[in-house]
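Here's a quick tour of the model, sorted by topic.

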There are 2 protein chains.
Amino acid sequence: MRVDARENRARVLAVARELFAQRGLEVPMAAIARRAGVGVATLYRRFPTKEALVVEAFTEQFAVCQAVIEEALTDPDPWRGFRTVIEKVCLLQATDRGFTAAFVASFPDMHSEVRGRTWQAFTTLVERAKDSGQLRPDFSPHDLTLLLVANGGLAGMPVEVAVAASKRLVAYLLESFRSGTDALPPAVPLSLDLVLS
Amino acid sequence: MRVDARENRARVLAVARELFAQRGLEVPMAAIARRAGVGVATLYRRFPTKEALVVEAFTEQFAVCQAVIEEALTDPDPWRGFRTVIEKVCLLQATDRGFTAAFVASFPDMHSEVRGRTWQAFTTLVERAKDSGQLRPDFSPHDLTLLLVANGGLAGMPVEVAVAASKRLVAYLLESFRSGTDALPPAVPLSLDLVLS
DNA sequence: TCACAAGTGGAGACCCCCGTCCACTTGAGG
DNA sequence: CCTCAAGTGGACGGGGGTCTCCACTTGTGA
């Protein structure tokens, strides 16, 4: 690949990340191209479809999520690890407007292997927190998905507002997650294809 | 107005309500017209714009919301009134896919008088619940908006799933609302124009 | 230097949406 | 029955989106 092409590709990706975060996934390809100082054809040469660009633009954030979960596994305090995961991921989600949409859009492309490993890590995190007696026993790992989807509803607001609102929502929910007493309605396995449509 | 015209108008409204609930507000006007067995022009004769149709189609649901709140004010148990409002409104929202979008879309058209009255009613409901000692003192009426926006994030899933998920989310949050202890991040005044864009 | 493959940009094909226009149809009063 | 205003439907304009095609430019190895 020629060096100018490589530079263009990198600039397109950076611009895409920025615009997706600011305005969500509905930003037109032409806007990304214009902002990156290239033509539309250049975009489509590097990324055969818009979805491909989206996936590529957000793989970094997905990696961050995964790292957050696996780092939390090394925390000696199970509850702190659990809480940190939720806080960090929700903050990421509130900061980046396109995050949730990209997450569900990339569902078919994300190899079940990676998803499986992350899920497995979170599940053991949950188990540990339960064993330590700080997390309520009827908490389900699916509740993470529930929280993510609900928190994703805050997207579309100005970033500072979304962040503040998300923090309060997360604080409320974490308080409930911690050694609750009342009976809950059953957990709902929210696989991502359910969120899609 | 001629009787056939009146019938057509009613059929259009019924179809619009059904399709908006099933598929959200992004359903095309042409689809509504076709399903109602009329042409597009008939739609636009009765409702000058799509937004007008949306508002008209959802005024009933808005009235229900208002009635729910004002009925809760007559409940002798303040906490039960508070809880019922949240449960009923969230259930309505989870059942109808277009509800949230219609709510924010109708924001400019809803006379501030009506909104003000409903808001006032909910505020006194909150105050009563606090005075009875069952609702945590740092609960803000804006937390209702927060909950609604978060719960609105569940839209887009099959209805049964959305309802089940919403119930669990609401149960978690109600548990937190009830006489919590930990300090919370500050409340965020989520005026509807913030949700818009 | 130079030839050529790799790279590029913009026009435009194609599709979907909202809302309008206009020639045609129909119901109801005289 | 017959008139005509009210009602109707489909074609169409305008705008915006994704993605393609093609003539042109540019970096790079020989």
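The same surface is used by both copies, with 100% of the contact residues of chain B recurring in chain A. Keep in mind that this is a predicted model.

**The chain itself**

- Chain A has 10 helices and zero strands, so if you read its elements from the N terminus on, you get α-α-α-α-α-α-α-α-α-α.
- The C-alpha trace of chain A spans about 60 × 35 × 30 Å along its principal axes.
- Of the 197 residues in chain A, 35% are buried.
- Looking at contacts in chain A with a separation of 6 or more, 70% are between residues 24 or more positions apart.

**Where the two chains meet**

- Chain B puts 31 residues into the contact, and chain A puts in 31 residues.
- On the side of chain B that touches chain A, helix 8 (142–152), helix 9 (159–177) and helix 10 (192–196) of chain B each supply at least two residues.
- Helix 9 of chain B has the largest share of that side, at 11 residues.
- By class, the side of chain B that touches chain A holds 20 nonpolar, seven polar and four charged residues.

**Around DNA strand D**

- DNA strand D is surrounded by 22 residues, and the closest are A:Pro28, A:Lys50, B:Val38, B:Gly39 and B:Ala41.
- The residues of the surface near DNA strand D split into 12 nonpolar, four polar and six charged.

**Around DNA strand C**

- DNA strand C has 22 residues around it, the closest being A:Val38, A:Gly39, A:Ala41, B:Pro28 and B:Lys50.
- Two or more residues of the surface near DNA strand C come from each of helix 1 and helix 3 of chain A, and from each of helix 1, helix 2 (29–36) and helix 3 of chain B.
- Here the largest share, four residues, comes from helix 3 of chain A.
- The surface near DNA strand C has 12 nonpolar, four polar and six charged residues.

- Helix 4 of chain A (residues 50–73) has 24 residues, which at 1.5 Å a residue should span 34 Å; its end C-alpha atoms are 35 Å apart, so the two figures agree.
- Where is the kink in helix 4 of chain A centred? Look at A:Thr59, where the kink is about 40°.
- Buried residues in helix 4 of chain A are A:Leu53, A:Val54, A:Ala57, A:Phe58, A:Gln61, A:Ile69 and A:Ala72.
- Over in chain B, B:Gln66 lies in helix 4 (residues 50–73).
- Why is B:Gln66 partly exposed? B:Gln66 has 16 other C-beta atoms within 10 Å, while a buried residue needs 20 or more and an exposed one has 12 or fewer.
- B:Gln66 and B:Val85 sit 19 residues apart in sequence, with their C-alpha atoms 9.6 Å apart in space.

Terms used
Residues numbered from 1 in each chain as written. Chains lettered and ligands numbered in written order. Predicted model: local features only at pLDDT ≥ 70, side-chain atom pairs only at ≥ 80, totals over all residues. Expected span 1.5 Å × (residues − 1). Bend = angle between axes of the 7 residues up to and from the residue. Contact = placed C-beta atoms within 7 Å. Nonpolar A, V, L, I, M, F, W, Y, C, P; charged D, E, K, R; others polar. Near = placed C-beta within 6 Å.
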